[in-house]
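Colleague: I'm new to this one. Can you put it up and walk me through a few spots?

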Amino acid sequence: MRGFLLGLSSGAVCAAYCTPVLVPYLLGEGRDVLQNFSALMQFLLGRLMGYLSFAVFAWGIHTSLPQDITQRNLIIGSTYLILSGLLIFYSFFKTGRACPSAGGHGIDHRLHDSRPSLLLLAMGLATGLNFCPPFLLAVATAAEQTSLLQSLLFFLTFFLGTSVFLIPVPFLGLLRGFSPLHLIGKMAAGLIGAYYLFIGATMLSGGLYR
Amino acid sequence: MKRARSIAGYAWAVACMVAVLATFSGNNYLSAKLASATGVTVSPMYSGGEIVRSIDHGAYRTVIRHPVFDGLLGERKEGFIQIEWQPVTEFPLLIEDKIDFTGDGKEDFAFRLDTANGKGTLTPRNPSVIAVQMLVRVNQGWVARIQLRKVS
Amino acid sequence: MIKEHHPHAKTIEVRQSPGKSFLYALPMMLLTLVMMSGGKIPADPQRIFVFAVTYLFFNLLFFLMIHTGKTDRYRATAFITYAILFIISFISHMFEARGSMSLSQEKIILCEVPFCHLVIPMTLIPAAFTKTIIFPGSITGGFASIASMFTIWIGASLSMGRGWCSWGCFFGGLDDAFSRILKRPLLRKIDPRWTYLPWAVLLSVILSAAAFLSPTYCTWLCPFKTVTEFEAVTSFKILVQTIIFVSLFIALVIVLPLLTKRRIQCSLFCPFGAMQGLTNRINAFDVRIDPDICINCKRCVAACPTLSATEESIRAGRPLMSCMKCGTCVDVCPNGAASFHVRGTPVAGNRNIKRLLFLYTAFLFLATFSGGTIQDGLLRIIRLITTGSMI
């Protein structure tokens, strides 16, 4: 219950950080509301995998996440770079070449067409690993749990609490009739990816050069 | 019906011209009304937050503002507090202040400010106090923003 | 006198005789006298001189618009003049106030940053949720306060819709100017999908501004910081931001408009412009193409500086939502099929009245909004000539 309430109190922040990643993707896909809920579930599953993996890590070493700024910058920077790569890949590589300056064919088939949920899972994982402030607090709390099961349970309930705020997002599917939204979503994904590329590179270089 | 629509259209067009006149000639009034009707203020992330307390030290004054943790919905876990030093007569060369922003009577951090060259040293006493975000000369005084993190 | 159009006439004109043009322009002369002066005639001889020059400049252009029946060339003359003198005036003020164009932390902390209309889209969601404006400016009072710019934006949206981008914006004249330098475009083909980029930029900056409570377009992208003010480079992050906005200025405001003869920044990037396209729906004026007269020559498609005239849109009888009401298509149409139109009225008929109603609204806005800045810019130039310094 404590985990769920903590997640609920912090979920707005999580939603704010996740929305710039999720909304362009859902717009770009142009699916209906039900399909968007399915996509949201995949995204959240990716986030959950990120959370649970850290629950295990935190419990296993009986400590919270690295307080040393160098290590944090390296980890966060790397995940931001992965996220930016995913967003930019999504923006440029898609059947039908929605982006006017897209180059390259065929790469998307292996990752996107054959296993469409891998991209969402990966994006969810990357956003889940980005140490948003509520997440840090949850990890610190989970590290204090006496058993692995308690740690996992805490994180699961925390995750559920934070996910509540993302429920309205799939209703973007109501706009799918407006066809240019697909292109706009993909372009926006590229722009946000470029932003995370810069932030990730800066944090990574800050961590490497300390 | 067509005629009525035409008349309405032309009336609307004339109203647009009136809107231009009103926008500029009534700008002061309209903008004041807009501000008071909406009740908006500048975000504390930029204004620094409301003033909580002002401590008079004789030659200078220390202004403590409310900690800022503003988020889009609710509060964030990381924020800052803005402290200002304003000269009354003349700044001493060195200022050493013990700041209690939580109001519990215990010192949260100490700040040592060299007013000649703007060097500041933060000594946290409260685990929520992290680091100095910025130290800026403003008018004749100094403003510091101290990074905070909420600790449960 | 108006020449009545015939369906197959080679040229359609709405030009007026000099006498009638003067009569039609007379109300504008009175209105601009009142609006530009604010009811007070300046006392200083230099100020009287620049006021007179500015007043005559605007009213001559308006007279020529009525007399020749052409809109765009005279609109652009005023619009470009405004943009150039705005830069001169603004930069001079910055040097006077703080000795450089760079924005200091002090000004940010004091919330004395002038509020620009480009910030508006990013402030809306945070304002709705937190009742605060995520910008270090003043709500009321001072130069370019937040509330006064919002008032002007609301007034412009109600009266002109996206006509703001051709009759109001103090930056738009820059890429408008560069798009007119060459006689023929060197790059002709522009993929029409690029017209959706401003919407993507709008979506990105709205989402990121709401997430981080920071005006992300201003901090990361706005090319016009190059000619106004920007944060002093004190960190690697700010250095990268500086490189980005200077590069965007060179590419989107100078080079690409020069090569394509299109207003690239305004039509293919600006997120505020994208948002303003929505306000075209609540505006009385639009541009229409009469299908009975249109001979499908596609001159409007070639000439439109904002890619708002497409073959599909011509068939539909109107340009796209991105139309900035500059009047280019109306001027180049050989048969007069394209015209300014008042919603609710028939497309054909009363072309002159509808055009006049639009011109009165838009030109009055331009003259009033830009008049003070143009006068200040002229004063700076006079000061430069007479004293060797604009400050």
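Colleague: Is the crossing of α6(C) and α17(C) left-handed or right-handed?

Modeller: Left-handed, for α6(C) and α17(C). Keep in mind that this is a predicted model.

Colleague: At what angle do helix α6 and helix α17 of chain C pack?

Modeller: About 155°, with the axes 10 Å apart. Angles over 145 degrees count as roughly antiparallel, so α6(C) is roughly antiparallel to α17(C). In chain C, α6 covers residues 146–160 and α17 covers residues 351–387.

Colleague: Which residues in α6(C) and α17(C) meet?

Modeller: From α6(C), it's A156(C), S159(C) and M160(C). They meet T361(C), A362(C) and F365(C) of α17(C). By class, that contact has 4 nonpolar residues, 2 polar and no charged ones.

Colleague: Switching to chain A. How many helices and strands are there in chain A?

Modeller: Chain A has 8 helices and 0 strands.

Colleague: And what share of the residues of chain A count as buried?

Modeller: 47% of its 210 residues. On contacts in chain A, take those between residues at least 6 apart in sequence: 88% of them join residues at least 24 apart.

Colleague: How many residues of chain A are in contact with chain C?

Modeller: 17 residues of chain A, in contact with 17 of chain C. On the chain A side, α1 (2–29) and α8 (180–208) each give two or more residues.

Colleague: Which element gives the most to that side of chain A?

Modeller: α8(A), with 10 residues. By class, the side of chain A touching chain C has 15 nonpolar, 2 polar and no charged residues.

Notes:
Residues are numbered from 1 along each chain as its sequence is written. Chains are lettered from A and ligands numbered from 1 in the order in which they are written. This is a predicted model: local features need pLDDT of at least 70, side-chain atom pairs count only at pLDDT 80 or more; totals for chains, interfaces and linings use all residues. Axes are lines fitted to C-alpha atoms, for helices over the stretch in contact, and angles run from 0 to 180 degrees between N-to-C directions. Helices (H or I, at least four residues) and strands (E, at least two) are DSSP runs, numbered from the N terminus. Angles under 35 degrees count as roughly parallel, over 145 as roughly antiparallel, 65 to 115 as roughly perpendicular and the rest as oblique. A crossing is left-handed if the near helix is turned anticlockwise from the far one by less than a right angle, and right-handed if clockwise. Two residues are in contact if their C-beta atoms, placed from the backbone, lie within 7 Å. Ala, Val, Leu, Ile, Met, Phe, Trp, Tyr, Cys and Pro count as nonpolar, Asp, Glu, Lys and Arg as charged, and the others, Gly among them, as polar. A residue is buried if 20 or more other C-beta atoms lie within 10 Å of its own, exposed if 12 or fewer, and partly exposed in between; C-beta atoms are placed from the backbone.
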